[in-house]
Amino acid sequence: MKGRPPKKNPARRNRSSTKATLTGEIKVRAPKLPARKWHPEARRWWKDIWASPMAEEYLDADQHALIRLAVLISDYWEAESPTARKELAGEIRLQQQAFGLTPFDRRRLEWTIETTESAKAKGKRRRQKEPTGDPTDPRSSLSPTS
């Protein structure tokens with residue numbers, strides 16, 4: 001009929017192929033970095049990403065790109081000029097997007113990190129505490145809602 005929009009195809013869904021809930025319970029062993037002189041911050045970054053909940057999403061094939069990113073990070077910390085550091089920072093920002101290494105990137109990939117019951121309880125206790133500080137602060141009269 002004229003004037004009616006066509007029916008939607010039921011086989012078509014707006015699903016994200018990257019959506020995941022990351023638990024952090026799966027421990028992934030960090031692969032060894034190739035032999036080279038690594039800046040200590042790059043080694044620390046490498047250890048941190050493999051201990052993070054995002055590591056459970058990485059495939060063996062991702063290691064090559066992550067190693068290239070580790071090289072950039074090491075070079076960033078060893079850069080001798082602000083211009084070189086700025087250039088490396090831009091490339092690092094571009095490369096890390098694919099691996100969910102920032103909160104914005106995880107949001108874009110639709111990755112959520114499951115919070116533990118202890119973290120939830122700690123947050124609830126923090127919100128229930130009486131406000132302290134300046135009584136003239138207008139925020140002190142606000143109460144959190146559960």
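Me: Where is the place of Q96?

Reply: Q96 lies in helix 3. Helices (H or I, at least four residues) and strands (E, at least two) are DSSP runs, numbered from the N terminus. This is a predicted model, in which local features need pLDDT of at least 70 and side-chain atom pairs count only at pLDDT 80 or more, while totals for chains, interfaces and linings use all residues. Residues are numbered from 1 along each chain as its sequence is written, and side-chain values use heavy atoms, with hydrogens and water left out.

Me: Is Q96 buried or exposed?

Reply: Buried means under 20% relative accessible area, exposed over 50%, and partly exposed in between (1.4 Å probe, protein chains only). Q96 has a relative accessible area of 17%, so Q96 is buried.

Me: Which residues does Q96 touch, not counting residues up to four places away in sequence?

Reply: Q96 touches L69, L101, T102 and D105, where contact means heavy atoms within 4.5 Å.

Me: How many helices and strands does the chain have, and what pattern does the chain follow along the sequence?

Reply: There are five helices and two strands in the chain. Their order along the sequence is β-α-α-α-α-β-α. Of the 146 residues of the chain, 25% count as buried. Among contacts between residues at least 6 apart in sequence, 61% join residues at least 24 apart.

Me: At what angle do helix 2 and helix 3 pack?

Reply: Two packed helices are described by the angle between their axes and the distance between the axes. Axes are lines fitted to C-alpha atoms, for helices over the stretch in contact, and angles run from 0 to 180 degrees between N-to-C directions. Helix 2 (residues 62–78) and helix 3 (residues 82–96) pack at about 155°, and their axes are 9 Å apart. That angle makes helix 2 roughly antiparallel to helix 3 (under 35 degrees is roughly parallel, over 145 roughly antiparallel, 65 to 115 roughly perpendicular and the rest oblique). On the side of helix 2, the contact is made by L69, L72, I73, D75 and Y76; helix 3 contributes R85, L88, A89, E91, I92, Q95 and Q96. By class, this contact of helix 2 with helix 3 has seven nonpolar, two polar and three charged residues (Ala, Val, Leu, Ile, Met, Phe, Trp, Tyr, Cys and Pro count as nonpolar, Asp, Glu, Lys and Arg as charged, and the others, Gly among them, as polar).

Me: How far apart are the axes of helix 1 and helix 2?

Reply: The axes of helix 1 and helix 2 are 8 Å apart, and the two helices pack at an angle of about 145°. Residues in this contact include W45, W46 and W50 of helix 1 and L69, I73 and S74 of helix 2. The contact of helix 1 with helix 2 has eleven nonpolar, two polar and one charged residues.

Me: Where is the place of P40, and how far apart in space are P40 and S74?

Reply: P40 belongs to helix 1 (residues 40–51). P40 and S74 are 34 residues apart in sequence and 8.0 Å apart in space, C-alpha to C-alpha. With a relative accessible area of 58%, P40 is exposed.

Me: Where is E114 found?

Reply: E114 is in the loop between strand 2 (111–113) and helix 5 (117–128). E114 is partly exposed, because its relative accessible area is 41%. E114 and P53 are 61 residues apart in sequence, yet 9.0 Å apart in space, C-alpha to C-alpha.
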